[in-house]
Amino acid sequence: MTYSLTTPLYYVNAKPHLGSVYTTLACDALARFQRLEGQDVVFITGVDEHGQKIQRTAETQNISPIDHCDRISALYSDLWTRWHISNDRFVRTTSPRHLPLVQAFFQRCEAAGHIRTGHQEGWYCVDCEEFKDDPADAKAPDCPIHRKPLEWRDEENLFFCLSQFQERIETLIADPQFIAPASRRREIENFVAGGLRDFSISRVNVSWGLPVPGHPGHTFYVWFDALLGYLTALLDDGGAVDLDRLADIGWPADVHVIGKDILRFHAVYWPAMLMSAGLPVPKRVFGHGFLTREGQKMGKALGNVLDPEILLERCGTDAVRWYLLRDIQFGEDGDFQQQRFMDLVNNDLANTIGNLLNRTASMSRKWFEASLPPVSPDVRSEHPLKQPTEQTIERVRQSIPALAFQDAAEAVLQLAIEANGYLNEQAPWSLMKQPGHEEKVGDDLYAVLECCRVIGLLLQPLVPGLSSRILAQLDQRPSDDGWTQALRWGQLEPGVGLPKPEPVMQRLELESPL
RNA sequence: GUCAGAGUAGCUCAGCUGGUUAGAGCACAGGAUUCAUAACCCUGAGGUCGAGAGUUCAAGUCUCUCCUCUGACACCA
């Protein structure tokens, strides 16, 4: 089965920010999970590169738009490499394959009678790429968002007849599965209930865009061409750019993961476009929340932007992934707090999980010839820690497909806490001082190490680096295709040598603000 | 302005269809322990559940009013 998922195609107006990293990390966790579950995953990310805004940004730097796009796009793809993002595709809307796809798609919409010409005039903000509601006789109005002067536009555009899709879109979004989280669905419902209006899909005075076939002088409006990037990405499998192939290679997408700000484009405009072109709509659109920092909106104005580069260098991927996925309910807004970041990484990862493994492996090596203990036969099928372990596995496998990363992370952590508690109750270090308890000690250490092994496996999608370090400590490797099998209790081989324990997670010591 | 959502321990939040002394994590205090990354385990302190009124035998949980915050409101990747 193909499982396809997408991040937004990030707009290359500026270098990547933490928000993009957040979305991409979440998708990466989901993609890794689905692969482990045996799905044939196509994980798509990429960049959106057209539009007047980019044209102007390039102009101010005295470079050509494509040079600018090349530069920023490279920043994105490099960043994903360094964060070890497991994307299968990286699509650029300036790629030569994209144009024919957009044109073919447009022609389908046009042939279906959903394209018309229309006149549009008003005050326009280039940074927003949208018309504002300021009255026509306003004098030199500014954009409230960008605080820049609006420009008067009076042009002939092509329109997509969204109004014809009112009922079909209402039906679509009425499906509780389609928009997630549920809290955002009502917003879209309200919006749709207000009546859908046609929207313009071309511009006449923007050269940095894809030409509309049969309409000289028109280029596609960025949104129209950007969304289609998902299809281009999917078709970029070595085969032809042919809309008819989509059904065979993973369309419709299982989920589009996006920020809440662009939910409407994905939940309303995009499905309508697809319907017009006779293609199926995505199965689900998930709009996650935004990140603030120490309670404040991140922004250039405040100078409090968290740079992903710095985060990566100073903290590493595992720490950041864990913090973002574990502490923020995916879907809700979240606040990045440096102290809490350190507290959670150190407590959860270094102390609770890392130290559990470290102390247990040390004991095992110390008392059982640098190896896993020999065990009584029934431990591999029955032990007090077996059931909690199986419940944890179940919870993780339920949570991640629902993008409830926080629940998954907490479940794993809970297992480590239970195992730590169990060790303290049994106190093998005391038992070892009395003769005749070696077997009991061996059994318990084995069981706790089994918990560690499962923890390592379950952590694979969330924090892959840490996961492989945990598994290596147990002389195991990350799972490729045998995950379900590996998740069964009792897979560690008694008596096998254990490597010398090394801390699997360094504590985070951040002296200065990030 | 209209609509939606939220206001619960210092912080971040959980509390389903109303029902014993309001929960968790972090932070804080004390204890226990020594296998371990000054880690682990246990205990404790800490809340008039935004304000006011009402319904009810009983309200954080329902109704109304008010205050505060957030989001959406037609094309802000």
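Biologist: What should I know about numbering and cut-offs before I start?

Modeller: Residues are numbered from 1 along each chain as its sequence is written, and chains are lettered from A and ligands numbered from 1 in the order in which they are written. The model is predicted, and local features need pLDDT of at least 70, side-chain atom pairs count only at pLDDT 80 or more, and totals for chains, interfaces and linings use all residues, while side-chain values use heavy atoms, with hydrogens and water left out.

Biologist: Which domains does the assignment give for chain A?

Modeller: Domain bounds come from an automatic or database domain assignment. Here that assignment gives domain 1 (2–289) and domain 2 (338–486). Taken over C-alpha atoms, the centres of domain 1 and domain 2 are 43 Å apart.

Biologist: How many residues of domain 1 are in contact with domain 2, and what area do the two bury between them?

Modeller: Contact means heavy atoms within 4.5 Å. By that rule, 12 residues of domain 1 touch 15 residues of domain 2. Buried area is the accessible area (1.4 Å probe) that two parts lose on being put together, summed over both. For domain 1 and domain 2 it is about 1200 Å², with 71% on carbon and sulfur atoms. Phe33, Leu36 and Glu37 supply 49% of the area that domain 1 buries against domain 2, more than any other three residues.

Biologist: Which side chains form the salt bridge?

Modeller: A salt bridge is a side-chain nitrogen of Lys or Arg within 4 Å of a carboxyl oxygen of Asp or Glu. One is counted between domain 1 and domain 2. A salt bridge links the side chains of Arg397 and Glu37, at 2.7 Å from N to O.

Biologist: Which helix gives the most to the side of domain 1 that touches domain 2?

Modeller: Helices (H or I, at least four residues) and strands (E, at least two) are DSSP runs, numbered from the N terminus. Helix α1 (residues 18–36) gives the most to that side of domain 1, with eight residues.

Biologist: Which residues come nearest to RNA strand B?

Modeller: A residue is near a strand if one of its heavy atoms lies within 4 Å of it. There are 52 residues around RNA strand B, and Gln120, Glu130, Gly195, Trp223 and Arg264 come nearest. Of the atoms of RNA strand B that come within 4 Å of the protein, 66% belong to sugar and phosphate. The element that gives the most to the surface near RNA strand B is α11, with 12 residues.

Biologist: What is the phi of Asn62?

Modeller: Asn62 is not a glycine, yet has a positive phi of about 60°. Asn62 is in the loop between α2 (52–60) and α3 (65–82).
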